[in-house]
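Try each task before you read its solution.

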Amino acid sequence: MKAKIIFDLEKSDWHDHSTESLWANPLSDELFQLDNIPFYIYGVSFGDIVYANPESGNYRFRELERSGGHSTYRIFIFESSNTLLVEKELAKLVSLGCSLERADEYLIAIDVPPNIDIFEAYRLFEDGEKKSLWDSDEGKCSHDIHNRDQDRSRHSSDTKIFGV
């Protein structure tokens, strides 16, 4: 049975939430694996293993035990954006292997699994920005961005690495 983990949030100029809750799979009494993508939290991602304390039928985040290797990004869609173009660009991220969760029509959380070329995901984020569709934000990067040659070897030879 899934558990709800509550995270306290810092005051922010882009949201007014004091907490965010994420679903998680229990691994032991106080150890959980996160099972959805954060919208507001920085420093945790889908698949991460966390410690949490029981509290009022839920659990309150205590600390990160270890990373699950996923990276988290957010897209803030501009009100003036063409919905069809936005959906076309988002479909490219899904085709790459990313998962999306929508908070509302303007905020989308994106999970980039560990086996996905992070530089290709960056390129797609920047394409949407260049087309004035959205702004993006990094919640947590767990990919090894310092070893591009190793990352490149995991993918087909026709994959282009952003910034190289």
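**Exercise 1.** Find the residue with positive phi that follows α2.

*Solution.* Go past the end of the helix to serine 132: its phi is positive, near 55 degrees. Keep in mind that this is a predicted model.

**Exercise 2.** Check whether the length of helix α2 fits its residue count.

*Solution.* Start with the count: α2 covers residues 118-130, which is 13 residues. At 1.5 Å a residue, taken times one less than the number of residues, the span should be 18 Å. Now look at the end C-alpha atoms: they sit 18 Å apart, so the two agree.

**Exercise 3.** Which residue caps the N-terminal end of α2?

*Solution.* It's aspartate 117. One of its side-chain oxygens lies 2.9 Å from the backbone nitrogen of phenylalanine 119.

**Exercise 4.** Is aspartate 127 buried or exposed, and which side chain does it contact?

*Solution.* First place aspartate 127: it belongs to helix α2. Its relative accessible area is 18%, and buried means under 20%, so aspartate 127 is buried. Its side chain makes a polar contact of 2.7 Å with that of arginine 123.

**Exercise 5.** Work out how α1 and α2 are oriented, and what their contact is made of.

*Solution.* The axes of α1 (residues 83-96) and α2 come within 10 Å and cross at roughly 175 degrees. Angles over 145 degrees count as roughly antiparallel, so that is how α1 runs to α2. On the α1 side, the contact uses Glu89, Lys92, Leu93 and Leu96; α2 brings Glu120, Ala121, Leu124, Phe125 and Asp127. Sorted by type, that gives five nonpolar, no polar and four charged residues.

Notes
Residues numbered from 1 in each chain as written. Predicted model: local features only at pLDDT ≥ 70, side-chain atom pairs only at ≥ 80, totals over all residues. Heavy atoms only, no water. Helix = DSSP H or I, 4+ residues; strand = E, 2+ residues; numbered from the N terminus. Polar contact = N/O pair within 3.5 Å; in protein donor to acceptor, adjacent residues only side chain to side chain. Buried < 20%, exposed > 50% of the residue type's maximum accessible area, 1.4 Å probe, protein only. Axes fitted to C-alpha atoms, helices over the stretch in contact; angles between N-to-C directions. Parallel < 35°, antiparallel > 145°, perpendicular 65-115°, else oblique. Contact = heavy atoms within 4.5 Å. Nonpolar A, V, L, I, M, F, W, Y, C, P; charged D, E, K, R; others polar.
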